[in-house]
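Please keep the sequence and the structure open while reading.

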Amino acid sequence: QVQLVESGGGLVQAGGSLRLSCVASGRSLSTYVMGWFRQAPGKEREFVAGISAGSISISYADSVKGRFIVLRNNAKNTVYLQISSLEPEDTGGYYCATKQLRDWYGVERADKYDSWGQGTQVTVSA
């Protein structure tokens, strides 16, 4: 069982940047594929980024590619999401999660993940 806590969200103007953190406890993240998802009010949760246990495989949603960077530091049991060139469309709750199976298949599917943080809110004003 893994407990995940996201932090780093806030209110920023368009074009700004934030660094979101996801700190795990209860179990090491060193063997887990990790994902970041976001959810805007009234919309379904959508995939943002995924990163393999050793950072060899990384994937981004087309909407954030080139603007967001996912990183991990397994020694600190932490996964990061650097979000830059922010747009109002990036507004939402951002969640990290551990994938159920230790493989890459379905990394973009929320139903492939089993442990979720409480989320951190990102609000981007025009």
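Which residues does Leu81 touch, not counting residues up to four places away in sequence? In this predicted model, Leu81 touches Leu18, Arg19, Leu20, Trp36, Val48, Ala49, Phe68, Ile69, Val70 and Tyr94.

**The sheet**
- Four strands, in the order β1-β3-β8-β7 and with antiparallel pairing, make up an open sheet.
- Because β1 (3–7) and β7 (68–73) each have a single partner strand, they stand at the edges, and one side of each is left without a neighbour in the sheet.
- On average, and with direction ignored, neighbouring strands of this sheet are turned by 15° against each other.

**Pairing of β8 with β3 and β7**
- Strand β3 (residues 18–25) runs antiparallel to strand β8 (residues 78–83) and is joined to it by six bridges, with Ile83 of β8 as the bridge partner of Leu18.
- The pairing of β7 with β8 is likewise antiparallel over six bridges, and in it Asn73 stands opposite Thr78 of β8.
- These two strands, β7 and β8, form a hairpin with four residues between them, and Asn77 in the turn has a positive phi of about 55°.

**Faces of β7**
- In a regular strand the side chains alternate between the two faces of the sheet.
- In β7, Phe68, Val70 and Arg72 make up the covered face, whereas Ile69, Leu71 and Asn73 make up the uncovered one.

**The nonpolar core**
- The largest nonpolar core has 33 residues, of which Trp36 and Leu81 touch the most other members.
- At least two residues of this core come from each of β3, β4 (34–39), β5 (46–51), β7, β8, β9 (92–99) and β11 (120–125).

Definitions and conventions
Residues numbered from 1 in each chain as written. Predicted model: local features only at pLDDT ≥ 70, side-chain atom pairs only at ≥ 80, totals over all residues. Heavy atoms only, no water. Pairing = 2+ DSSP bridges. Axes fitted to C-alpha atoms, helices over the stretch in contact; angles between N-to-C directions. Core = buried A, V, L, I, M, F, W, Y, C linked by side-chain atoms within 4.5 Å. Buried < 20%, exposed > 50% of the residue type's maximum accessible area, 1.4 Å probe, protein only. Contact = heavy atoms within 4.5 Å.
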